[in-house]
Every structure is written in C-alpha cells, then in structure tokens.
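Subject: Structure handover

Hello,

Here is the structure we talked about. My notes follow below it.

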Amino acid sequence: MATPVISLERTDPYHPPAAHLEILRSDAPISRVQLPDGRRLWALTRHEDVRAMLADPRFSSDRRDPRHPSHTPYVGPDHRQQLIEMDPPEHTQLRRSVVGEFTVQRLAAWRPRIQQIVDESIDAMLAGPAEVDLVEALSLPVPSKVISELLGVPYTDHDFFQDNSAEFVRADSTPEQKKAAIGNLQGYIAGLVQEKVKSPGEDLLSRQIAAGTELEELQALGFLLLIAGHETTANMISLSVATLLDKREHLAALREDPQLTVGAVEELLRYFSIAEIGAARLATADIEIGGVLIQAGEGVMGLTNTANRDPLVFPEPDEIDFTRMARNHLAFGFGPHQCLGQNLARLELEIVLATLVRRIPGLRLAVPFDEIPFKEKGPNYGVFELKVAW
C-alpha cells in the first residue's frame with residue numbers, strides 16, 4: 001500500500017486538515033506518512049498516543065537537526081534556539097524561570113486592563129461606520145496591546161512587529177523573507193532588552209533581568225512571546241466570532257447564559273486546534289508507543305487536530321458543545337512544552353467573546369460565510385479578513 005501523503009491544508013473551515021487520515025485513528029492510529037516535500041515520518045492520530053509522545057522527553061524539539069519534521073532552511077546550526085525548540089535541561093531551566101509570569105493567579109490581575117483594552121477597541125468600532133474588518137479592529141489590536149504591555153514594548157512600535165511576525169508565519173513567504181523578518185524582530189528585541197537593562201520598568205523583561213536571566217536567553221524568549229503572544233490568539237478570536245455569527249444557535253446560547261463563555265472558549269479551542277505543526281518531534285531513542293516501535297532518528301508528528309476529534313475522548317467530536325468543558329484537549333499541546341501563555345490566551349478569549357455578545361447584540365457577518373478568506377495553509381489557522389456589521 002502506498003504511503004499516504006499528509007497535507008496541513010484545510011479544505012473545509014469546520015474540518016481539520018489531514019481529514020483523509022482520520023480513518024487511521026481506528027485502523028492504524030500510528031502510521032508512516034509522507035510530507036508534501038517527500039520526507040517520511042510517523043503520524044499519531046489518537047488522543048492517548050499524542051499525549052504520550054508529547055510527555056516523553058526522548059522525543060526532541062530541537063529543530064536544528066535536519067531530520068526533525070519542523071526543520072526548515074532558515075533554521076541552521078547557528079540558530080539561536082527558542083524555548084519551544086529546546087530540550088532538557090536547558091528547556092527546563094529557562095521555562096522554570098518564566099512560568100510564574102503566566103500563572104492563573106498572576107494573570108487575574110490583568111483582567112481589568114484586558115477588559116479596558118477590549119472596551120476601547122469596541123468603542124472605536126461603534127464610533128465609526130457600522131461595518132468593519134474585525135481582524136483589524138479587534139482580533140489583532142487586543143492581543144497586540146496586551147503582549148506589548150506585558151513585555152514593556154511601546155505600543156507605537158506594534159505595526160513593526162505585527163508586520164514582521166505576519167511575514168514570518170505567512171505560508172507563501174520565502175525562506176529569505178522569513179529569515180529577514182526573524183532578523184528584524186530579533187534585532188528589535190535585543191535593543192529593547194538593552195533598554196530595560198538601563199531603565200527597568202514594571203514588565204516581564206525587566207523582572208527577568210532582575211532575576212538574573214541571561215540576556216541572550218531573554219532576547220530569544222522575548223522574540224518568542226512577541227510572536228506567539230498575539231498571532232495565535234488573534235486567529236482564535238476571529239475564528240470564534242465567525243463561528244458564532246454563522247452558527248447563531250451558539251451565539252444565542254451565550255447571550256442567554258453568559259456563564260457558558262468559559263466552556264465556549266475551551267470547546268472552540270478544541271474544535272479548531274489552530275497550531276498545525278506544534279506537535280512535531282524527533283525520536284532520540286527507540287521508543288514504543290501504542291504497540292509500535294519508533295526508532296531513533298525518525299520524525300513524529302502528533303496530529304492534534306485529529307486527536308482533538310477522537311470520539312473515545314470527545315463524544316460526537318464534530319459537534320460544537322459549549323457544555324463539554326473539554327479542558328483535556330491538545331490545542332495548547334501537552335507535557336513539558338505545553339503552551340506557556342495558555343492562561344493568558346484563555347483570559348483574552350473569554351473577555352473578548354463575552355464583551356462582544358453583551359455590547360453588540362446586532363453583530364452579524366457582512367459577507368456570506370463561504371466568502372470569508374480563511375488561512376488554508378500555514379503554521380496557524382485563522383482568517384485574513386472578517387467583515388462584520390451591526
């Protein structure tokens with residue numbers, strides 16, 4: 001039998017990529033597949049197996065190795081590793097130094113400020129024409145402002161890092177364009193860190209400097225947080241609102257019972273699982289998972305989208321159910337590399353959805369759902385533009 005080719009392109013807004021591989025979940029949940037560029041690797045499709053792989057430190061996140069599924073031409077041996085690309089003990093040490101910044105308790109103090117940012121964005125929307133691109137008016141500005149303030153970045157510079165981070169994640173960007181965008185952002189963060197050394201403030205970077213974090217490590221961490229801190233959350237805001245406005249029974253449920261919002265956030269995170277390549281690893285030893293031996297040097301990709309539709313864990317997985325409270329989903333990964341900013345993302349999503357439902361009861365799509373330009377390719381799923389009216 002020919003090795004199936006795995007594609008991360010979404011052909012249906014409400015269905016995960018690699019849908020043709022869902023049959024493997026019951027017939028051959030750990031199978032050899034081929035990437036579009038010809039590389040072969042193992043694909044894991046069951047929730048249980050993906051969690052087991054992500055929790056095992058013998059599966060490496062170091063993308064500098066050409067055998068790693070996420071290795072790309074712009075990641076060379078001299079590449080300064082990000083937190084998500086590190087293995088223990090370096091990963092353990094750096095993550096431990098910063099994880100306290102993202103606890104539920106610490107972020108609870110941010111709720112009033114995030115609410116203020118959301119209200120200001122909606123005020124600006126309502127003050128202008130009764131039709132806007134929600135991506136530009138709300139989805140991007142909210143997480144951009146939040147991560148800017150968290151890191152101590154002047155918001156006046158947000159266009160710079162937003163443009164460069166968009167270039168970095170665009171599916172059609174060339175390796176040269178991505179490398180240039182990375183260089184621009186790394187240079188900016190390096191300068192910002194040096195400014196914090198001279199004039200510390202009440203922000204994450206300043207606190208990390210005071211705690212003794214090495215400046216090179218802090219520059220890499222700041223770069224990661226700047227990109228991850230707004231791109232993925234912005235995509236989830238847009239996808240969530242598009243879904244509520246298309247499937248209005250869910251919008252009505254939130255309007256009738258606002259306490260469902262927390263469950264809605266978890267269910268929409270599970271349903272869309274927008275990070276397409278976060279669960280790629282390289283085996284550093286012979287490891288058995290689910291009765292299958294994966295040999296050292298072989299690449300592995302946990303298909304979190306397929307795992308998050310595993311009926312053994314999520315009954316009727318293709319249905320959206322805000323009462324499901326699916327906190328065991330894999331949208332934020334699992335194990336040592338579980339998303340550092342997940343509590344912040346949850347908080348932003350909860351506040352945005354609750355506030356939109358409350359403040360703009362007449363919100364509607366300004367174009368048919370099938371005309372929304374979805375990001376069908378790329379590392380993060382989302383929409384390029386979301387025209388809404390009220």
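Start with one side chain: that of S240 reaches the backbone oxygen of M236 at 2.7 Å. A polar contact here is a pair of N or O atoms within 3.5 Å; within protein, one must be able to donate a hydrogen and the other to accept it, and residues adjacent in sequence count only if both atoms are side-chain atoms.

This is a predicted model: local features need pLDDT of at least 70, side-chain atom pairs count only at pLDDT 80 or more, and totals for chains, interfaces and linings use all residues. Numbering runs from 1 along each chain as its sequence is written, and side-chain values use heavy atoms, without hydrogens and water.

More on S240. It sits in helix α12, residues 231-246. S240 is buried, at a relative accessible area of 2% (buried is under 20%, exposed over 50%, partly exposed in between; 1.4 Å probe, protein chains only). Beyond its neighbours within four places in sequence, S240 is in contact with L268 and L353 (contact: heavy atoms within 4.5 Å).

Now the whole protein. It has 16 helices and 10 strands (DSSP runs, numbered from the N terminus: H or I of at least four residues, E of at least two). Of its 390 residues, 53% count as buried. Among contacts with a separation of 6 or more, 70% come from residues 24 or more positions apart. The C-alpha atoms fill a box of roughly 60 × 55 × 40 Å along the principal axes.

Best wishes
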